[in-house]
Amino acid sequence: MSEALRGPLTGVPVVLDPVMVATSGDSLAAEGVREAIVELLAHCSLVTPNLPEAAGLTGEEPASDRGAMARQAQALLGLGAPAVLLKGGHLGDDGDQVWDLVARRGPDTSQGPRLDWLDGPRVRTRNTHGTGCTLSSAVAANLAHGLDLVEACRRAKEWLARALASSEQLSVGDGSGHGPVNHLEASWVTLR
Ligand SMILES: Nc1ncnc2c1ncn2[C@@H]1O[C@H](COP(=O)(O)OP(=O)(O)O)[C@@H](O)[C@H]1O
Ligand SMILES: Cc1ncc(COP(=O)(O)OP(=O)(O)O)c(N)n1
């Protein structure tokens, strides 16, 4: 993979979603995956960890406040990522707002990284399955459309909030688990 990123994919925006820990807390990564992801960091345009994944990559405890999120995002820049979208969905599940952070290396290294907080209302739903994959895919699509990195992340997060809010319209399984977000929210029509 890193050979492809250095060769044929040079110059193509690449979003790396380091799927290691699900929203449920379940580990999705085998041994050695951390090292493989760290090796890829320098060759992608943006890495999009959730809080447990950022902790796994930096070797720290999962961030429990926005200060720790900022520190871990900068630690990921230090590991080689040019930009980080650190997702804060796991931070303070009771809060009314959900905060994500975009951290980028500044053009002038003496001035430190640029941090842009993206906040949005927390949608009260159990149907959060696939939020991370949905967000990173939407950011990749927005980058392919030529949007600037922060705008690509902001619009993806806004769309995800609508897909979460619309998830109640889906009827999947017996309703006992975490259902999926509604990717078709913009064109959803309920036929009865
Ligand atoms: N209940 C919610 N309401 C609104 N946005 C949410 C909610 N839960 C998660 N998000 C957003 O979904 C995205 C993925 O968040 P997160 O849960 O941290 O990652 P993952 O799904 O990879 O575990 C982030 O943009 C986060 O802000
Ligand atoms: C089999 C499998 N792959 C990936 C994930 C993680 O998906 P993601 O969208 O990052 O987050 P949640 O689904 O955990 O909200 C997964 N859960 N299972």
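## Around ligand 1

How many residues surround ligand 1, and which are the closest? In this predicted model, the count is 17, and the closest are Gly 89, His 90, Asp 100, Val 123 and Thr 131. Sorted by type, the shell around ligand 1 comes out as 6 nonpolar, 7 polar and 4 charged residues. As for where they come from, β4 (97-104), α5 (131-144) and α6 (149-165) each put at least two residues into that shell.

Asp 100 brings a polar side-chain atom to 2.5 Å from a ligand oxygen, and Thr 131 has a polar side-chain atom 2.6 Å from an oxygen of ligand 1. Gly 89 works through its backbone instead, with an N or O atom 2.9 Å from an oxygen atom of the ligand. On its own, ligand 1 has 550 Å² of accessible area, and the protein covers 93% of that. The space that ligand 1 takes up is the largest pocket.

## Around ligand 2

Now for the other ligand. Ligand 2 has Val 19, Ala 22, Thr 23 and Leu 28 around it, along with the run Thr 128, His 129, Gly 130, Thr 131, Gly 132 and Cys 133. The shell around ligand 2 splits into 4 nonpolar and 6 polar residues, with no charged ones.

What touches the oxygens of ligand 2? A backbone N or O atom of Cys 133 lies 2.6 Å from one of the ligand's oxygen atoms. His 129 uses its side chain, placing a polar atom 3.0 Å from an oxygen of ligand 2, while a polar backbone atom of Thr 128 is 3.2 Å from a ligand oxygen.

## A tryptophan pair

Away from the ligand contacts, there's a bit of ring geometry to look at. Searching the whole structure turns up 1 aromatic pair. The partners are Trp 99 and Trp 117, arranged edge-to-face, with 6.2 Å from centre to centre and 85° between the planes.

Why does this pair link separate parts of the chain? Trp 99 belongs to strand β4 and Trp 117 to strand β5 (residues 114-121), so the pair ties together parts that are 18 residues apart in sequence. Strand β4 is also one of the elements that supply at least two residues to the shell around ligand 1.

Technical notes
Residues numbered from 1 in each chain as written. Chains lettered and ligands numbered in written order. Predicted model: local features only at pLDDT ≥ 70, side-chain atom pairs only at ≥ 80, totals over all residues. Heavy atoms only, no water. Near = heavy atom within 4 Å. Polar contact = N/O pair within 3.5 Å; in protein donor to acceptor, adjacent residues only side chain to side chain. Nonpolar A, V, L, I, M, F, W, Y, C, P; charged D, E, K, R; others polar. Areas by Shrake-Rupley, 256 points an atom, 1.4 Å probe, with all protein chains shown as cover. 1 Å grid on protein atoms, 1.4 Å probe; cavity = no way out; pocket = protein on both sides within 12 Å on 5 of 7 lines; lining within 4 Å. Sits in = over half its atoms within 2 Å of the grid points. Helix = DSSP H or I, 4+ residues; strand = E, 2+ residues; numbered from the N terminus. Phe/Tyr/Trp six-rings, centres within 6.5 Å; stacked < 30°, edge-to-face > 60°.
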